[in-house]
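Good morning, and thank you for coming. I would like to walk you through one structure, and I ask you to keep the sequence and the model in view as I speak.

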Amino acid sequence: MNECHDSGRCDRFYQALSDFLDGTLSAAERQAVEEHMRRCPPCEVYLEQFRRVVETTGRVCREDLPADFDRVMRGVMQAWKAARPENGPQKN
Amino acid sequence: MPVANATDLDLARRIAAGEEAAAEELVRALGREMHGYAWRLLRDAAAAEDALQETLIAILQGAAKFDGRVSLRAWGYGILRHKIGDLLRKRGREAAIGEFDPERDSFDSSGRWKSHDFQPWSETAETLQVVRACMERLPLQQREALELSALQGLDGAEAAAALEVSPANLRQILHRGRAAVRRCAAAKLGGEA
């Protein structure tokens, strides 16, 4: 088992991880996270696992969709047009 | 809090005036991406289609009420997530992980891990499947936060507006959700307790 050789707090490292990965930390905060990680192998592995979770969400977003989007769109437009007041403004 | 730009307000005004080209523009701009979002949360093609269709019609029909306090995109996602929430509540889905900070008891009084036998994950399809399966077990709000935050072009403030939480609260929800998925996946992949 790897030991953490940093006197810094792993709990603070953990709390900063999402902001670290999303790039919302200040330069000083980012440096503190990176320094802790260099001297704390358990936190380094933890970060890599956390990063995989974040990246997987993005990959799920690029999945092919199972339905016919054009058909959905036609249905939306037809429903919208049908619901409009007949004497309302009409433009094209 | 994000605000709508002039384009959003103009588009909403044109739709409210009955301009079909404007309605099509909005549906094309938001529809495909929203469809993906609905499908990922519902995992049911027919239900995702219904939620998307109802949302887009609600956006078009409600365009006259759009006041520009948030972007059109964030406003639209706000409507969509309510429709998805209704469908999921009807299903009676129970969340299994993520109700609490999964690491709340993981540190000793000096802030160190009590136990830290973290094993690196391999780059395999199995890892991806396990992580995805763990995401499915999150409470709805955390899944929404993860999905909204992964959308390109929707910044943190807009995602928070769509979720009806503060940006700081969104950060907390997001972090807890990610940590819960990590812990769930680690238990399945590496035998971590």
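Predicted model: local features only at pLDDT ≥ 70, side-chain atom pairs only at ≥ 80, totals over all residues.

I begin with a definition: a disulfide is a pair of cysteine sulfur atoms within 2.5 Å.

C10(A) is buried, and its relative accessible area is 0%. What of C43(A)? C43(A) takes part in no disulfide, and the nearest cysteine sulfur to its own, that of C40(A), is 3.6 Å away. C43(A) is buried too, with a relative accessible area of 0%.

C134(B) belongs to helix α5 of chain B, residues 125-136, while C184(B) belongs to helix α8 of chain B, residues 167-190, so the pair ties together parts that are 50 residues apart in sequence. The angle about the S-S bond is -75°, and the link is left-handed. Are these two cysteines buried or exposed? Both C134(B) and C184(B) are buried.

Let me now describe chain A as a whole. Chain A contains four helices and zero strands, and along the sequence its pattern reads α-α-α-α. It has 92 residues, of which 41% count as buried. Its accessible surface comes to about 5300 Å², and carbon and sulfur atoms account for 44% of that area. If we take the contacts in chain A between residues at least 6 apart in sequence, 68% of them join residues at least 24 apart.

One residue of this chain deserves a brief look. Q49(A) is in helix α3 of chain A, which covers residues 41-61. Q49(A) is buried, with a relative accessible area of 2%. From Q49(A) to L25(A) there are 24 residues in sequence, and their C-alpha atoms are 19 Å apart in space.

We move to chain B and its helix α3, residues 45-61. At the start of α3(B), a side-chain oxygen of D44(B) comes within 3.0 Å of the backbone nitrogen of A46(B). The buried residues of α3(B) include A48(B), L52(B), T55(B), L56(B), I59(B) and L60(B). To read such a list, recall a general point: an α-helix has 3.6 residues a turn, so residues three or four places apart point the same way. Against what do the buried residues of α3(B) pack? Their partners are α4 of chain A, residues 69-83, together with α1, α2 and α4 of chain B.

As for L148(B), if we leave aside neighbours within four places in sequence, its contacts are Y37(B), Y77(B), L154(B), A159(B), A162(B) and L163(B).

R43(B) has a positive phi of about 55°, although it is not a glycine. R43(B) sits in the loop between α2 and α3 of chain B and is partly exposed, with a relative accessible area of 33%. E164(B), again not a glycine, has a positive phi of about 60°. E164(B) is placed in the loop between α7 and α8 of chain B, and it is exposed, with a relative accessible area of 53%. Lastly, T7(B) lies in helix α1 of chain B, residues 6-16. T7(B) is exposed, at a relative accessible area of 55%. The C-alpha atoms of T7(B) and S71(B) are 9.8 Å from each other, although 64 residues separate the two along the chain.

Thank you for your attention.

Conventions. Residues numbered from 1 in each chain as written. Chains lettered and ligands numbered in written order. Heavy atoms only, no water. Helix = DSSP H or I, 4+ residues; strand = E, 2+ residues; numbered from the N terminus. Buried < 20%, exposed > 50% of the residue type's maximum accessible area, 1.4 Å probe, protein only. Contact = heavy atoms within 4.5 Å. Polar contact = N/O pair within 3.5 Å; in protein donor to acceptor, adjacent residues only side chain to side chain. Areas by Shrake-Rupley, 256 points an atom, 1.4 Å probe, with all protein chains shown as cover.
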